[in-house]
Amino acid sequence: MLRDQNLIPLSHQHQRALALCVRIDRAQPIPDADVQTWQAEISQLFEEEIKIHFAAEEAVIFPAARQFAELVPLAEELTSEHASLRGLFRQAEAHRMSPETLPAFAQQLSAHIRKEERLLFESMQQLMKPPELASLGIGLETALKDVAHSCLLPNEATKLKGKR
């Protein structure tokens, strides 16, 4: 299903986070010497975008989803996943990730994003009327106003590697 224009800002952010996950996956095995660089990039992405993204979803998207009984369990599950992911982002910030935990982090983040895109957003687009989606878009615009609009470029250690 084509993404509703009011959800596109979140979908664009999802794409950037998924790109990080793909790069981590393709970098396997990650040398010990590169772990700090990966953690720095993960921390920067969290601070500049994902932290605000999570807050926007929790303040705007999940409450709207909870208005539909069939989406309440999914909204609760996604909220719980945010808490778990925040813990992983804190690990990166504290430089406590290892070459083994980086791919697990990427897998968990990727699975979470795909669940939001394929289950939550698709369902909301089917259940909500256009004016409700437009109201959601206005709320998201306000909630996402502090997101950094910079392009994080990977360095030599974190750039996309070809498939092996």
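View 1. At 2% relative accessibility, F54 counts as buried, a word used here for under 20% relative accessible area, with exposed meaning over 50% and partly exposed in between (1.4 Å probe, protein chains only). This is a predicted model, in which local features need pLDDT of at least 70 and side-chain atom pairs count only at pLDDT 80 or more, while totals for chains, interfaces and linings use all residues. Residues are numbered from 1 along each chain as its sequence is written, and side-chain values use heavy atoms, with hydrogens and water left out. F89 is likewise buried, with a relative accessible area of 2%. The ring centres of F54 and F89 are 6.4 Å apart and the planes stand at 75°, so the pair is edge-to-face; rings of Phe, Tyr and Trp (its six-membered ring) pair if their centres lie within 6.5 Å, and planes under 30 degrees apart count as stacked, over 60 as edge-to-face and the rest as tilted. Because F54 lies in helix 2 and F89 in helix 3, the pair ties together parts that are 35 residues apart in sequence; helices (H or I, at least four residues) and strands (E, at least two) are DSSP runs, numbered from the N terminus.

View 2. Ring pairs join F46, F54, F89 and F105 into a cluster.

**View 3. The largest nonpolar core.** This core has 24 residues, and those with the most contacts inside it are I24, I42, F89, L102, F105 and L109; a nonpolar core is a set of buried Ala, Val, Leu, Ile, Met, Phe, Trp, Tyr and Cys residues joined through side-chain atoms within 4.5 Å. Helix 1 (8-26), helix 2 (35-65), helix 3 (72-93) and helix 4 (101-127) each supply at least two of its residues, and helix 2 gives the most, with 7 residues.

**View 4. E57 in helix 2.** E57 lies in helix 2, where its side chain makes a polar contact with the side chain of H82 (2.8 Å); such a contact is a pair of N or O atoms within 3.5 Å, and within protein one must be able to donate a hydrogen and the other to accept it, while residues adjacent in sequence count only if both atoms are side-chain atoms.
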